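Dear colleague,

I am handing over a structure for you to look at, and below it I have set out what was found. Please read the notes with the sequence and the coordinates open beside them.

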Amino acid sequence: MPPVPLAPYPTPPPPYTPPANTAQSQLVCSGCRNLLLYPVGATSVCCAVCNAVTAVPPPGTEMAQLVCGGCHTLLMYIRGATSVQCSCCHTVNLALEANQVAHVSCGNCRMLLMYQYGARSVKCAVCNFVTSVGMSTSAVDQKA
C-alpha cells in the first residue's frame, strides 16, 4: 500500500481588523474589567471573554478614569462625578477634577505628589515624608 500524502494544515484566518474608516470607542467591561473596543453608535457591548453586557454611555458623555485606591483597578466614570465605587473591591474613591488637585514635590525624595486643593500637607507614599503645602514657600516639612 503506497503512503498517503498528508494535507497541509489549513492556515488560520487573519485577526479581525476593522475598516480604517470605522470610528471606534472604548470602555471597561462591567464583568471582567477588560478594555472593550466598540463601533461608535453601539448601545451596548458584549464581552468576548466573560459574556457580560456593558451599556455604552450616551453619545457626547465625557468619560474620565482613575485607579482604585483599594485594588488598583482602572475605573472609568462619567466626568463630573464626585465619587466612584469600585465594582471589584467596593472601595469608594474620591473623583477629583484637574482643577481640584494640586502638585508638590516631596520634601525628602522629590517625588511629584498630587493632593486635594486646600490641604495643609501631603504624605509621600514612597518615603512617608510629610510635606507642608501652605501658602508659604518656606513651609516646614517633617518625617512621619
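**The annotated spans**

In residues 29–53 the end C-alpha atoms lie 8 Å apart, and this span is 0% helix and 36% strand. Please keep in mind throughout that this is a predicted model. Residues 106–130 give 8 Å between their end C-alpha atoms, with 0% helix and 40% strand. Both spans belong to a UniProt annotation, "domain: Zinc finger LSD1-type", which comes from an unreviewed entry and covers residues 29–53, 68–92 and 106–130; that annotation may be inferred rather than shown by experiment.

**The chain as a whole**

The secondary structure of the protein comes to 0 helices and 13 strands, so that reading along the sequence gives the pattern β-β-β-β-β-β-β-β-β-β-β-β-β. Of the 144 residues in the protein, 22% are buried. Among the contacts with a separation of 6 or more, 14% are accounted for by residues 24 or more positions apart. The accessible surface of the protein comes to about 10,700 Å², and carbon and sulfur atoms hold 58% of that surface.

**Serine 30**

Serine 30 sits in the loop between strand E1 (24–28) and strand E2 (35–39). The C-alpha atoms of serine 30 and threonine 54 are separated by 5.6 Å, although the two are 24 residues apart along the chain. Leaving aside residues up to four places away in sequence, serine 30 touches Ala52, Val53 and Thr54. With a relative accessible area of 40%, serine 30 counts as partly exposed, because that class lies between the 20% limit for buried and the 50% limit for exposed.

**Two residues with positive phi**

Histidine 72, a residue other than glycine, has a positive phi near 65 degrees, and its place is in the loop between strand E5 (63–67) and strand E6 (74–78). The relative accessible area of histidine 72 is 61%, and therefore this residue is classed as exposed.

Asparagine 128, which is likewise not a glycine, has a positive phi of about 65 degrees and is found in the loop between strand E11 (121–123) and strand E12 (129–132). Is asparagine 128 buried, partly exposed or exposed? The relative accessible area of asparagine 128 is 39%, so this residue is partly exposed.

Key. Residues are numbered from 1 along each chain as its sequence is written. This is a predicted model: local features need pLDDT of at least 70, side-chain atom pairs count only at pLDDT 80 or more; totals for chains, interfaces and linings use all residues. Side-chain values use heavy atoms; hydrogens and water are left out. Helices (H or I, at least four residues) and strands (E, at least two) are DSSP runs, numbered from the N terminus. Buried means under 20% relative accessible area, exposed over 50%, partly exposed in between (1.4 Å probe, protein chains only). Contact means heavy atoms within 4.5 Å. Accessible areas come from the Shrake-Rupley method with a 1.4 Å probe; for residues, only the protein chains shown count as cover.
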